[in-house]
Amino acid sequence: MTSNALPQRPPFASIAARHIARAAAVVALGIGPAAHAGAIRLEDDRGRVLELQAPAKRIVSLMPSLTETVCALDACDRLVGIDRHANWPTAVKGLPQVGGMDDANIERIVALKPDLVLLRPRSRAAETLERLGIKVLALDAKTHADMRRVMETVARATGRPGAGEAFWRTLDARLNAARARVPLNWQGRRVYFEVHGGVAAASESSFIGETLARLGLVNAVPGSLGPFPKMNPEFVVRANPDVLMVSALGEISAMATRPGWSALSAIQRGRVCSFASARFDLMMRPGPRLDEAADAIVNCLASLDAPRN
């Protein structure tokens with residue numbers, strides 16, 4: 001039957017009907033003003049604005065601290081893929097691994113059909129994934145303030161605005177509690193926190209340095225050198241810190257063989273905090289277990305012979 005056989009309608013009725021039908025189709029397809037009413041707008045650390053039409057349900061995380069943040073916000077069940085270094089909580093170990101920051105497996109990520117990928121701004125995967133139409137949120141936490149912001153951003157991405165801020169308040173209170181447990185004779189003492197196998201150190205301007213400051217300790221490495229500067233062994237000799245904090249992978253006896261280090265009071269008096277690999281890992285991650293890192297530092301100090309005034 002052709003359109004000529006249909007009853008004639010007044011022009012305005014026909015036009016109105018077409019507009020109503022088009023509007024209904026637009027809403028059904030998930031576009032247009034009605035669909036955008038509940039959209040989530042986020043700005044990442046590249047300065048790019050991302051819009052999610054609904055809270056992320058299938059998340060791939062390419063950074064351990066971001067994986068931990070998702071889980072800390074009770075959204076662990078939304079993770080469908082992780083990077084090779086993620087190992088907390090235990091539940092994530094069974095998830096598909098998709099490489100790392102510099103060698104992410106794009107094909108495998110796409111196969112997981114994520115509606116959001118979390119990664120660092122410097123990740124090589126970001127632009128490729130975006131060209132493939134996958135939503136990317138690039139986040140990086142270099143300070144405590146960054147951690148607070150990242151937590152709330154992830155909370156909003158999962159449809160729980162305010163949860164990140166609430167988690168940070170709890171974390172902040174736990175840091176204060178850790179500070180209260182620092183032995184009196186250790187307060188104000190100088191710390192050298194070694195990273196990257198002894199090649200570098202965490203300075204005052206790093207998130208680790210901020211944690212040390214929150215505990216009432218003094219960092220032997222100034223922030224003006226950058227967050228994690230490469231260090232000359234002679235610098236440490238001149239600084240002569242009260243305590244050394246290192247990964248358990250490095251032996252104290254081996255440290256004593258470094259030029260001039262045998263004369264360090266921390267070496268001579270055994271004032272070295274040596275953290276097991278798993279514990280050191282969490283201390284190097286700017287994420288939701290910051291309080292555990294602080295507790296590990298305080299527990300070690302409490303076990304050492306404190307300097308006398």
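User: How is a pocket defined here, and which residues lie nearest the centre of the largest pocket?

Analyst: On a 1 Å grid over the protein atoms alone, a pocket is an open set of points where a 1.4 Å probe fits, with protein on both sides within 12 Å along at least five of seven lines; lining residues have an atom within 4 Å of a point. This is a predicted model, in which local features need pLDDT of at least 70 and side-chain atom pairs count only at pLDDT 80 or more, while totals for chains, interfaces and linings use all residues. Residues are numbered from 1 along each chain as its sequence is written, and side-chain values use heavy atoms, with hydrogens and water left out. The largest pocket has a lining of 27 residues, and Met63, Arg120, Met284, Arg285 and Pro286 lie nearest its centre. Helix H3 (64-72) and helix H12 (277-283) are the elements that give two or more residues to this lining; helices are DSSP runs of H or I with at least four residues, strands are runs of E with at least two, and both are numbered from the N terminus.

User: What is the volume of the largest pocket, and how many lining residues fall in each class?

Analyst: Rolling a probe the size of a water molecule over the atoms shows where empty space is left. The largest pocket holds about 660 Å³, a volume being the space filled by probe spheres set on grid points joined across faces, edges and corners. Its lining comprises 11 nonpolar, six polar and 10 charged residues. Ala, Val, Leu, Ile, Met, Phe, Trp, Tyr, Cys and Pro count as nonpolar, Asp, Glu, Lys and Arg as charged, and the others, Gly among them, as polar.

User: Which residues of H13 are buried?

Analyst: Buried means under 20% relative accessible area, exposed over 50%, and partly exposed in between, with a 1.4 Å probe and protein chains only. In H13, the buried residues include Leu290, Asp291, Ala293 and Ile297.

User: How is an aromatic pair read, and how many does the structure hold?

Analyst: A pair of aromatic rings is described by the distance of the centres and the angle of the planes. Rings of Phe, Tyr and Trp (its six-membered ring) pair if their centres lie within 6.5 Å; planes under 30 degrees apart count as stacked, over 60 as edge-to-face and the rest as tilted. The structure holds three such pairs. One of them joins tyrosine 192 and tryptophan 261 edge-to-face, at 6.3 Å centre to centre and 85° between the planes. Tyrosine 192 lies in strand S7 (residues 190-195) and tryptophan 261 in the loop between helix H10 (252-255) and helix H11 (265-268), 69 residues apart. Tyrosine 192 is buried at 2% relative accessibility, and tryptophan 261 is buried at 1%.
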